[in-house]
Amino acid sequence: MYRHILTSLFLITFIPLIATALPPRSPAGGGMLRLDETHDFVATVEAWFPNRQFEGLTAEAWVYFEELPVHGTFWSIIGQEGRFNLVIHGNDASLGAWGYAEGAAGSLTVGGFLLPEKKWMHVTAIYDASAGMGLNGKGGNWCCPRGHLIKSDKPLRIGGIIFQDPERSRFVGDNVKLHGYIDEVRISKVVRYVGPEWEVPKGKFEVDRHTISLWHFDEAPGANLFKDATLYGYDLWRSGVLAVEAQGKLTTTWGKLKR
């Protein structure tokens with residue numbers, strides 16, 4: 001009897017702690033993706049649009065961080081090795097973006113927008129072979145277009161570590177594992193927002209003729225697969241899970257995603 005009483009008291013005490021540990025829902029509502037040391041990234045299994053040439057590209061998400069990366073490190077929010085990346089840099093707790101353009105001698109990099117902790121933010125990476133970014137409806141592109149973004153035969157990752165050519169990237173420090181929450185990631189094949197200010201999307205992101213990938217992260221807690229809401233079908237898998245589709249059948253294999 002005493003055991004049951006102690007168990008009940010423990011649950012009464014512990015359950016509110018669990019509830020308060022989660023942040024409030026994002027302005028988009030629905031579920032959210034938690035990233036930490038254990039579940040450090042989600043990614044496509046195959047290369048993401050490896051042969052597509054993008055004259056314009058917009059990657060956007062709702063993000064929430066309990067803390068920001070420490071000095072000398074940065075977090076990758078979303079990106080593809082060799083093509084583009086949206087990051088948070090710990091040196092000045094700011095948002096930054098880079099992208100590789102055809103014919104450019106190096107990566108095109110910008111930084112700015114000091115970030116708050118424990119607050120949902122709408123972050124945006126904007127590319128038209130130059131690079132730009134936005135925070136909560138303010139930002140835009142810098143410099144001028146210089147051809148297409150280069151192709152990449154790598155998966156697309158959300159969170160985790162995105163590998164870069166150290167001779168081309170201008171972000172200094174170690175790319176370390178992100179800690180926080182991400183909701184509603186959408187990638188569009190156009191420059192969706194033109195600075196210096198724009199209206200932040202309300203509610204869930206929607207698929208339109210410009211959308212090429214969209215993840216709502218409304219799956220049940222503990223899910224390994226996160227469905228792409230577009231017809232392109234670039235589903236995301238948690239780190240450590242591989243999915244191979246062969247002859248119309250889905251085979252799931254455990255292992256590490258190739259870098």
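Strand β4 (residues 73–80) is mostly covered, with eight of its eight residues buried. Buried means under 20% relative accessible area, exposed over 50% and partly exposed in between, using a 1.4 Å probe and protein chains only. This is a predicted model: local features need pLDDT of at least 70, side-chain atom pairs count only at pLDDT 80 or more, and totals for chains, interfaces and linings use all residues. Residues are numbered from 1 along each chain as its sequence is written, and side-chain values use heavy atoms, with hydrogens and water left out.

**Strand β4 and its partners**

- Strands are DSSP runs (E, at least two residues), numbered from the N terminus. Two strands pair if DSSP finds at least two bridges between them.
- β4 runs antiparallel to β5 (residues 84–89), with six bridges joining them. I78 faces L86 of β5 as its opposite residue.
- A hairpin is formed by β4 and β5, with three residues between them. In that turn, G82 has a positive phi of about 85°.
- β11 (residues 156–159) is also antiparallel to β4, through three bridges. Q80 has L156 in β11 as its bridge partner.
- β12 (residues 174–175) runs parallel to β4, and two bridges join them. There, F74 stands opposite N175.

**Nonpolar cores**

- A nonpolar core is a set of buried Ala, Val, Leu, Ile, Met, Phe, Trp, Tyr and Cys residues joined through side-chain atoms within 4.5 Å.
- The largest such core holds 41 residues, of which W48, I77 and I158 touch the most other members.
- Another core, of seven residues, lies apart from it; A28, W120, Y181 and L214 are among them.
- Contact means heavy atoms within 4.5 Å. Leaving aside neighbours within four places in sequence, I158 has contacts including I77, I78, W215 and F217.

**Aromatic rings**

- Rings of Phe, Tyr and Trp (its six-membered ring) pair if their centres lie within 6.5 Å; planes under 30 degrees apart count as stacked, over 60 as edge-to-face and the rest as tilted.
- By this rule there are 14 aromatic pairs.
- One of them is F49 with Y234, a tilted pair at 4.8 Å centre to centre and 45° between the planes. F49 lies in the loop between β2 and β3 and Y234 in the loop between β15 and β16, so the pair ties together parts 185 residues apart in sequence.
- F49 is buried at 8% relative accessible area, and Y234 is buried at 15%.
- Ring pairs link W48, F49, F54, F84, Y127, Y232 and Y234 into a cluster.

Terms used:
Helices (H or I, at least four residues) and strands (E, at least two) are DSSP runs, numbered from the N terminus.
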